[in-house]
Amino acid sequence: MPDAPGTELLAQDLREALSPETVVGTEFFRDKGAIHVVPTAIGEVLEALRARGFKHLMSVHGVDYYPEEPRLGVQYELLDREALDRLTVKLRVPLDAPTVPSVTAKWPTADFQEREVHDMFGVVFEGHPDLRRILMPEDYEGFPQRRDFPIGGEPVLFTAAETAGRDYTMGSDGVA
């Protein structure tokens with residue numbers, strides 16, 4: 001993994017190659033480097049890092065920074081197999097405009113992962129070829145991994161308990 005100076009050098013290279021506004025910061029925490037970028041430049045940043053040896057997009061994650069704004073985040077985990085380096089590229093978007101350009105065209109492994117982030121957090125990946133729910137039913141309302149999502153969900157009646165009128169939630173049938 002790039003050390004702290006290595007992460008700063010990568011960030012400086014990106015600023016010089018793309019634009020000074022592309023990289024908004026860096027962090028080095030628990031021996032792991034991360035570069036924070038503006039959402040609109042994610043495709044360019046990932047391609048520039050691919051040219052630097054980070055040829056594998058290992059995963060895409062969603063994050064909810066509630067109560068901070070911009071609230072929603074997307075993290076891209078990159079791997080350089082030759083140098084055995086990992087790097088995280090992070091971006092944040094506000095709740096009222098949670099859009100990020102899709103990287104699926106150049107990084108096919110992002111396809112289902114972007115759909116999952118969309119399904120769980122509500123981030124819209126512009127240009128995604130098939131942006132629909134992947135884990136939840138199509139008619140489901142809300143985003144279950146957001147921090148303000150109600151805990152407890154909906155009571156589910158199981159077939160064995162259905163005839164007795166009991167559900168899985170403790171005490172909902174009057175018995176603790």
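1. Strand β2 (residues 32–37) pairs with β5 in the parallel sense, over three bridges. Strands here are DSSP E runs of at least two residues, helices are H or I runs of at least four, and both are numbered from the N terminus. Two strands count as paired if DSSP finds at least two bridges between them. H36 has K90 in β5 as its bridge partner.

2. A word on the basis. This is a predicted model, in which local features need pLDDT of at least 70, side-chain atom pairs count only at pLDDT 80 or more, and totals for chains, interfaces and linings use all residues. Residues are numbered from 1 along each chain as its sequence is written, and side-chain values use heavy atoms, with hydrogens and water left out.

3. On its β4 side, β5 runs antiparallel, with nine bridges joining β4 to β5. Q75 stands opposite K90 in β5. The two strands form a hairpin with four residues between them. In that turn, L84 has a positive phi of about 55°.

4. How enclosed is β5 by the rest of the structure? Largely, because seven of its nine residues are buried. Buried means under 20% relative accessible area, exposed over 50%, and partly exposed in between (1.4 Å probe, protein chains only).

5. T88 sits in β5 (residues 85–93). T88 is buried, at 3% relative accessible area. Its side chain makes a polar contact of 3.0 Å with that of K32 and one of 2.9 Å with that of E77. A polar contact is a pair of N or O atoms within 3.5 Å; within protein, one must be able to donate a hydrogen and the other to accept it, and residues adjacent in sequence count only if both atoms are side-chain atoms. Leaving aside neighbours within four places in sequence, T88 contacts K32, G33, A34, I35, Q75, Y76 and E77. Contact means heavy atoms within 4.5 Å.

6. V24, in strand β1, is exposed, with a relative accessible area of 56%. Not counting residues up to four places away in sequence, V24 touches H36, V37 and V38. The C-alpha atoms of V24 and I35 are 7.9 Å apart, with the two residues eleven apart along the chain.

7. Two charge-over-ring placements deserve a look. The charged end of R50 sits over the ring of W107, 3.7 Å from its centre. R92 lies over the face of Y65, at 3.8 Å from the ring centre. The criterion is NZ of Lys or CZ of Arg within 6 Å of the ring centre and within 35 degrees of the ring normal.
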